Amino acid sequence: QEQHQSLYNNLQIDLPNLHVIGTGDRVIPCPMSEKIANECFKNPEILRHDGGHFIPTTPDAKLIYTQFLDRFL
């Protein structure tokens, strides 16, 4: 991770982005995902869920995905 740190310094990706973060994720810990979203992306949209390393398919989550993607139609 440290060997690639220079690639992330002052990085500000200015594209629409939606980060799906599980607070119980044991593959990529929640704080690491939040740090990347907040430090590397302009205006990050974050969907947090209580699960682990998966994309939730609850009706509420699906609504958020749909609303995010509908902006590109």
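The legends below describe close-up views of a predicted model.

**Figure 1. Overall arrangement of the chain.** Three helices and two strands make up the secondary structure of the chain. Read from the N terminus, these elements follow the order α-β-α-β-α. Along the principal axes, the C-alpha atoms occupy a box of roughly 40 × 30 × 15 Å. Of the 73 residues in the chain, 25% are buried. When contacts between residues at least 6 apart in sequence are considered, 74% of them join residues at least 24 apart.

**Figure 2. The buried face of helix H2.** Helix H2 spans residues 30-40, and its buried residues are Cys-30, Ser-33, Ala-37 and Cys-40. Viewed down the axis of H2, these buried residues lie within an arc of 145 degrees and therefore line one face of the helix. An α-helix has 3.6 residues a turn, so residues three or four places apart point the same way. The partners against which the buried residues of H2 pack are helix H1 (5-8), strand E1 and strand E2 (45-49).

Figure 3. Ile-46 belongs to strand E2. With a relative accessible area of 22%, Ile-46 is classed as partly exposed, because the limit for a buried residue is under 20%. Beyond its neighbours within four places in sequence, Ile-46 makes contact with His-19, Ile-21, Ala-37 and Asn-38. Of these contact partners, Ala-37 is among the buried residues of helix H2. The C-alpha atom of Ile-46 lies 5.7 Å from that of Leu-18, although 28 residues separate the two along the chain.

**Figure 4. The second largest pocket and its lining.** The second largest pocket holds about 160 Å³ of space. Its lining consists of His-19, Val-20, Ile-21, Gly-22, Asp-25, Ser-33, Gly-52, His-53, Phe-54 and Ile-55. Strand E1 (residues 18-22) contributes the most to this lining, with four residues. By residue class, the lining comprises four nonpolar, five polar and one charged.

Definitions and conventions. Residues are numbered from 1 along each chain as its sequence is written. This is a predicted model: local features need pLDDT of at least 70, side-chain atom pairs count only at pLDDT 80 or more; totals for chains, interfaces and linings use all residues. Side-chain values use heavy atoms; hydrogens and water are left out. On a 1 Å grid over the protein atoms alone, a cavity is a set of points where a 1.4 Å probe fits but cannot get out, and a pocket is an open set with protein on both sides within 12 Å along at least five of seven lines; lining residues have an atom within 4 Å of a point. Grid points are joined across faces, edges and corners, and a volume is the space filled by probe spheres set on the points. Ala, Val, Leu, Ile, Met, Phe, Trp, Tyr, Cys and Pro count as nonpolar, Asp, Glu, Lys and Arg as charged, and the others, Gly among them, as polar. Buried means under 20% relative accessible area, exposed over 50%, partly exposed in between (1.4 Å probe, protein chains only). The arc is that of the directions from the helix axis to the C-beta atoms. Contact means heavy atoms within 4.5 Å.
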